[in-house]
Amino acid sequence: MSQAKDRPKLSEKGLLTPDNCVVAIIDLQPQMLFGVSNFDRQSIINNNVLLAKAARVFDVPVVLSTVETKSFSGNMWPQVQAVFPNQVPIERSTMNSWDDKNFVAAIEKSGRKKIVLTGLWTETCVALATVQALHDGYEVYVVEDCCGDVSQFSHDNAMKRLVQASAKPVTALSVMLEWQRDWALKDTYDAVMDIVKTHCGAYGMGVEYAYTMVHGAPATKLPQYVIPTTSGAGK
């Protein structure tokens, strides 16, 4: 069940709200991550999971897509797929998602004209879809810390191109906080704080400290670690 079912409408005036955007998550697959060298790859996974969880919390529609899963790229990262266990990614052969009729149809079905977009790599799977979505009248918000590329030059050059085309660079945390906007909105507050504590490093530790040491709340309890049993799959 959505955590945001009964939340009030937020003012727009150029800002993202849970009611005016759709999230597109493109090609978060092992082979694509192998080629990333401009940004810490574990951070890219972390930031994408943050964004995915936030979309679930705020009931924002999400379009998942993968490219050449069986022949080259591998399955969508299990960390992201776990957030959407019942959603099958749209499979493509095209580098450009906007060339795939099923992907475009899924975006259109959302009824939203603002796209929060993340993917690998920045200069191809992110850039090509973004430029054409902008051409077709959408606003695109590229979640830069969720993207990566084969070099810093490639990533930077792609982001320059996208900004020049009128895309808006954002971060995973900034998107979630833009959706929350008001700490008095308690229906999503606890879920947002859980994401912060899990995925936002020093910010999350600061929240944990304030809860426990300042406000006297009980310490966060995480699931007990269980050592996986040997399956023989690695033999």
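Colleague: Which hand does the crossing of H2 past H8 have?
Modeller: The model is predicted: local features need pLDDT of at least 70, side-chain atom pairs count only at pLDDT 80 or more, and totals for chains, interfaces and linings use all residues. Numbering runs from 1 along each chain as its sequence is written, and side-chain values use heavy atoms, with hydrogens and water left out. Helices (H or I, at least four residues) and strands (E, at least two) are DSSP runs, numbered from the N terminus. A crossing is left-handed if the near helix is turned anticlockwise from the far one by less than a right angle, and right-handed if clockwise; H2 passes H8 in a crossing that is left-handed.

Colleague: Is H2 roughly parallel or oblique to H8?
Modeller: Axes are lines fitted to C-alpha atoms, for helices over the stretch in contact, with angles from 0 to 180 degrees between N-to-C directions. The axes of H2 and H8 are 9 Å apart and the packing angle is about 15°. Angles under 35 degrees count as roughly parallel, over 145 as roughly antiparallel, 65 to 115 as roughly perpendicular, and the rest as oblique. H2 to H8 is therefore roughly parallel.

Colleague: How many polar residues are in the contact of H2 with H8?
Modeller: With contact meaning heavy atoms within 4.5 Å, H2 contributes Asn47, Leu50, Leu51, Ala54 and Ala55, and H8 contributes Ala172, Leu173, Val175, Met176 and Trp179. Ala, Val, Leu, Ile, Met, Phe, Trp, Tyr, Cys and Pro count as nonpolar, Asp, Glu, Lys and Arg as charged, and the others, Gly among them, as polar. The contact of H2 with H8 has nine nonpolar residues and no charged ones, and the number of polar residues is one.

Colleague: Is H6 roughly parallel or oblique to H7?
Modeller: H6 and H7 cross at roughly 5°, and their axes come within 9 Å. That angle makes H6 to H7 roughly parallel.

Colleague: How many charged residues are in the contact of H6 with H7?
Modeller: Thr122, Glu123, Val126, Ala127, Leu128, Thr130 and Val131 of H6 meet Ser154, His155, Ala158, Met159, Arg161 and Leu162 of H7. Seven residues of this contact are nonpolar and four are polar, while the number of charged ones is two.

Colleague: Is H9 oblique or roughly parallel to H10?
Modeller: Helices H9 (residues 186-199) and H10 (residues 201-214) have axes 6 Å apart and pack at about 120°. That angle makes H9 to H10 oblique.

Colleague: How many nonpolar residues are in the contact of H9 with H10?
Modeller: From H9, Tyr189, Met193, Val196, Lys197 and His199 meet Gly201, Tyr203, Gly204, Met205, Val207, Glu208 and Tyr211 of H10. Three residues of this contact are polar and two are charged, and the number of nonpolar ones is seven.

Colleague: What is phi of Glu68?
Modeller: Glu68 is in the loop between E2 and helix H3 (69-73). At a relative accessible area of 31%, Glu68 is partly exposed. Its phi is positive although the residue is not a glycine, with a value near 45°.

Terms used:
Buried < 20%, exposed > 50% of the residue type's maximum accessible area, 1.4 Å probe, protein only.
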